[in-house]
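Subject: Structure handover

Hello,

Here is the structure for you to open. Please have a look, then read on for what was found.

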Amino acid sequence: MDKSIKKLLGITYLNIEFDDTQPEQFHEEVIKGQTVTVWRFKLTYHRRCDQCGFTLNNNGTKLVRHVGPRSGFHFNYFEIRKQKYICANCGHTAIAEFNDVEPGDHIMRKVKQTAAMELSENVSQKHIAMDNNISTHTVMRQADGLFSYNKTNFHYLPKHIAFDDFKSG
Ligand SMILES: [Zn+2]
């Protein structure tokens, strides 16, 4: 059942678990005038120190909120209690990583990819922003990303360069 819910929410990182310290797996909340569903997860796993290789000790948790996809006529948010770690050997600290969101970002990667794909259709950036529960600024940044992608791959290649020229890269 939990696996099916995660699938419906577009979560591919299956090590994430529903937060069993909470009475419900989700609650509804009104954000910016819209009723949204907030799903409560916990994320913890054994991890070694990036710096020295020692096993990291748990060091409390941090509650983080990510923008998820739309489903069931609501927008979804993921509220994740992420494990924080500290190394007893060198003092290095770390936090559990949720692979469906880029480190340092708060919007699910797939939501951004969807917005980028919609940009290739004749839809306004404002509409895409509303449709995906993200800001027009974020949509514009996806547009910039798409533009530079196209630039490197297609439009700006001089016509006389043969494909063989790229094999060494
Ligand atoms: Zn260490």
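How many bridges join strand 2 (residues 26-31) to strand 3? There are six, and the two strands run antiparallel. Keep in mind that this is a predicted model.

**The hairpin**

His27 stands opposite Val38 in strand 3. Strand 2 and strand 3 form a hairpin with two residues between the strands. Look at Lys32 there: its phi is positive, near 50°.

Is strand 2 largely in the open or largely covered? Count its buried residues. Of its six residues, the number buried is zero, so strand 2 lies largely in the open.

**Other partners of strand 3**

Strand 3 also pairs with strand 1 (residues 17-18). Two bridges join them, and they run antiparallel. Here Glu17 stands opposite Lys42 in strand 3.

Next comes strand 5. Eight bridges join strand 3 to strand 5, and this pair runs parallel. Phe41 has Ile80 of strand 5 as its bridge partner.

**The core**

Now select Phe41 again. The largest nonpolar core has 19 residues, and within this core Phe41 and Leu43 touch the most other members. Which elements give two or more residues to this core? They are strand 3 (34-43), strand 5 (74-86) and helix 2 (109-119). The core also draws on two domains: at least three residues come from domain 1 (1-100), and at least three from domain 2 (107-157). As background, nonpolar side chains tend to be buried together in soluble globular proteins.

What does Phe41 touch, leaving out residues up to four places away in sequence? Its contacts are Ile16, Glu17, Phe18, Asp19, Phe78 and Ile80.

**Helix 2**

Finish with helix 2. Its buried residues are Val111, Lys112 and Ala115.

Start with the hairpin, then move to the core.

Best wishes

Conventions:
Residues numbered from 1 in each chain as written. Predicted model: local features only at pLDDT ≥ 70, side-chain atom pairs only at ≥ 80, totals over all residues. Core = buried A, V, L, I, M, F, W, Y, C linked by C-beta atoms within 7 Å. Buried ≥ 20, exposed ≤ 12 C-beta atoms within 10 Å, placed from the backbone. Helix = DSSP H or I, 4+ residues; strand = E, 2+ residues; numbered from the N terminus. Domains from an automatic or database assignment. Contact = placed C-beta atoms within 7 Å. Pairing = 2+ DSSP bridges.
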